[in-house]
Amino acid sequence: MSVDKLRGSYHVNRVSPNEIGLLLSAQSYRPAVTKAINKIKEGEWRTLQSLISNVISPGPHPKYDGDYPCLKTKNVQDLIAETSPADWADISEISDLSKVQVGKGDLLINLTGAGSIGRVSVYYGDDLPITNQHIAKMSPNNLIDEGYLVAYLRSFYAERALEQGVAGSTGQINMVNDHVRCTPVRICHSSAQKYIGEKVRQAERLRAWAKELVNSSDATISSQFEYSLAPSMRTQPRRVSSALLSPISLGPEFARASEGQATFLDSMKFGDFIDICKCGDPIKSEDRVDGKYSYYGASGPIDKHNEYNFDGEYLIVAQDGSIGCANIARGKFWANNHVWVVKLKAAYDIDSVCRYLDEHFPYWKGITTGSVVPKVTAENLLNLQIPTAIAENEHLGDLLRLSSRATSLSSILVNTAKLLVEDLIEGQLTESQLVSAQQALEAGDDSLDRALIERMTAEGIDGEGDPLFDDIDQLYDLLEQAKQALDADDTMAEA
């Protein structure tokens, strides 16, 4: 979350003179903030700037509509920075490009914006983008592991320390640069840093591999999806065979969709692939109770609920709002009244069909009805065409499922890194445990690593609840597959 999320809550606190920092606003000294900073400083610590080789300051004010990649606050969301979609900047007026380029292993922090301020991400790309004035680049020096540092800065304690440097009123808030530079960073043994940092790098490898698997799947779908894209009826009016029309397909986009789908080779109606198509159930937001079941809306899983209305493996297709969005729900979940819940026949691959609908079907606009609130009716949904070669492609589905699992494990590893930092600060783990685990890994022994991560729950080491990792052997197997795949890519690139 952004570090300002709790800033506006009611707070009264008494602080000692040595706890007063650069700002004198009441929000900067709410109890959770001062307690977190004091907890950090119970151990060895250094200022953030002392661990960064460049001066921490906002990026340039670029002009846009150029051809050079520029990262914005939208790219600094998760612990690992998203490189796409990047905006494109004009760098003709930047005198020294090397000073503002973001390199692999650099950290980025959002300096402005309610809801995003204080978020820190690590960049692992290769294209040396720049940032704009709302982000500061941080290049870690040799005193700190970049994976450890980003996990630390996304921990509860560091986020509260950063929160102290938020200034301004709601909607116009910004980070005070000098405070960011003075933010305390808990220091631990280099091997302990490396152990935590490697969890972040493992997450990035799984994430990168998952993207490769999806790209490969998309290429397969494209190769098996042969059709002629019908031009717009508005720009190229023409006669359409009456056989392609129905009472709901007389408008230009409807006619175009019918005409275009008639060119799909070896395809069938979606209704021929399914056993069940039902609408989800409405529930008022005030009636939702936080629980363990995913709550699906038109854009996908958007919340949690304590009840479920479906149990099994289903395709979730948006009726309105995020039209064209398709997801897969497995297990128990609640689907609201803005989605169609579809059960496919056993002969067809649900992941392959989902990817086709979500990313490749070209005529969603042409199968919607209504002008005020466009909607995909059940009739229109069941009449859209799907190539049978895609729907029957189990190998394609296996790649997509592997990608999904790798992405899920990547997120869990990121969370593990943050929890390890918090457990270290709280004394639930010792440096020596992490040092021993890292040294054993470097000697080819993963037993201590396995023992530690088997103990991790959402509450931290030996916490309540289910383990974070339900299959340690699968984690190690996928990490090895990802490493081999990415190493092979590197070898090909060097050849």
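## Where α6 meets α12

In this predicted model, S191, A192, K194, Y195 and I196 of α6 are in contact (heavy atoms within 4.5 Å) with E431, L434, V435, A437, Q438, Q439, L441 and E442 of α12. By class, this contact has seven nonpolar, three polar and three charged residues; here Ala, Val, Leu, Ile, Met, Phe, Trp, Tyr, Cys and Pro count as nonpolar, Asp, Glu, Lys and Arg as charged, and the others, Gly among them, as polar.

The axes of α6 (residues 190–224) and α12 (residues 431–442) lie 8 Å apart, at an angle of about 70°. Axes are lines fitted to C-alpha atoms, for helices over the stretch in contact, with angles from 0 to 180 degrees between N-to-C directions. The two helices are therefore roughly perpendicular (65 to 115 degrees).

## Helix α11

Helix α11 spans residues 394–426 and reaches 47 Å from first to last C-alpha, close to the expected 48 Å (1.5 Å times one less than its number of residues). At its start, a side-chain oxygen of N393 comes within 3.3 Å of the backbone nitrogen of H395. G427 follows α11 and has a positive phi, near 85°.

## A three-stranded sheet

An open sheet has the order β5-β4-β7, with antiparallel pairing (at least two DSSP bridges between two strands). Its edge strands are β5 (120–122) and β7 (135–138). Four bridges join β4 (residues 107–110) to β7, and N110 stands opposite I135.

## Reading the numbers

Helices (H or I, at least four residues) and strands (E, at least two) are DSSP runs, numbered from the N terminus. Residues are numbered from 1 along each chain. Local features need pLDDT of at least 70, side-chain atom pairs count only at pLDDT 80 or more, while totals for chains, interfaces and linings use all residues, and side-chain values use heavy atoms, leaving out hydrogens and water.

Definitions and conventions:
Polar contact = N/O pair within 3.5 Å; in protein donor to acceptor, adjacent residues only side chain to side chain. Parallel < 35°, antiparallel > 145°, perpendicular 65-115°, else oblique.
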